[in-house]
Amino acid sequence: MKHTALACALAATLAALPVRAESTPEGPRRPLWELGAGVAAVQLPDYVGADVSHRYLLPVPFIIYRGQWLRADREGARAVLIDTPGWELTLSAHASAPVRSHDNPARLGMANLPATVELGPKLTTQLWAAADRSARLNAELPLRAVIGLTRSTPMLGTVLTPTLNLDLPRWSSGWNLGLQIGPKWGSQRLHAHYYGVAAADVTADRPAYTARNGYAGWQALAAVSQRFDRTWIGAFVRVERLDGAAFADSPLVRQRQAVSAGVAVAWLLASSSQEARSDD
């Protein structure tokens, strides 16, 4: 289950990295769908605030779909509910890997953290775009329910992560650059799941702790990618800070900064002869 969930999370990350599209007078066009396979090497913290991280080398699917209402592309996998020239309302998704507490000294003896899926609406509005499509600045407002993939943790709470996204598809020598930054807020139930310490889990160096809802720090991400015919290469680094977070004084928070990074390569195996408009 752990590797399956992580592969799904990495697939979402791959799809979110920039790709290139050939332009026509009517706009950029690419195949309706593209399928491939790849491999990714990543380093991820157990959770934001943990002082333990793990490295993974995993196969991941590479899926692009440019339908009118269902899309999987540089913006991630989503169902489009409303799409206008100024803004877009979508149903978006995200995933995270589980954590085995016996591998993490701060959580030793506590229950494992399950893999999760996040589902919810996301409102996107374009703040600015260059006339030659060489740059675009969007504001995104996703609100998602966090669902644990076990019977005992069906609903873990909600998370709000507004971001500013700057896309530079002609950044340097064919490489595409994407930048994101924004704060995070979470519900009390979600924060308690990751950072709360119940009476049964108290130890000499782990006092009881009741987590609160509210501000959960901020995150910034940079991603680069390039496509070489039927080969795609991408890399990302994400920094998350917990300064001022509602749960920053939890005994399960061992450091205020978390860094995730990864590099991936994928090969295109098949594509549709039918084309569709693309914002890639």
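Which residues make the nonpolar surface patch of about 520 Å²? They are L81, I82, W87, L91, L123 and L141. Nonpolar patches join Val, Leu, Ile, Met, Phe, Trp and Tyr side chains within 5 Å, from residues with over 30% relative accessible area and no salt bridge. A salt bridge puts a side-chain nitrogen of Lys or Arg within 4 Å of a carboxyl oxygen of Asp or Glu. Areas use the Shrake-Rupley method with a 1.4 Å probe.

A word on the model. It is predicted, and local features need pLDDT of at least 70, side-chain atom pairs 80 or more, while totals for chains, interfaces and linings use all residues. Residues are numbered from 1 along each chain, and side-chain values use heavy atoms, without hydrogens or water.

Back to the patch. Strands β6 (76-83) and β7 (87-96) each supply at least two of its residues. Strands are DSSP E runs of at least two residues; helices are H or I runs of at least four. I82 sits in β6. I82 counts as partly exposed because its relative accessibility is 35%. Buried means under 20%, exposed over 50%, partly exposed in between.

Now the inside. The largest nonpolar core has 24 residues, and among those touching the most other members are Y47, L190 and L242. Helix α2 (residues 188-195) gives the largest share, three residues. A separate second core has 13 residues, including A40 and L44. A core joins buried Ala, Val, Leu, Ile, Met, Phe, Trp, Tyr and Cys through side-chain atoms within 4.5 Å.

Finally, the whole chain. It has two helices and 16 strands. Of its 280 residues, 48% are buried.

Key: Patch = residues over 30% accessible without salt bridge, like charges linked within 9 Å, V, L, I, M, F, W, Y side chains within 5 Å. Buried < 20%, exposed > 50% of the residue type's maximum accessible area, 1.4 Å probe, protein only.
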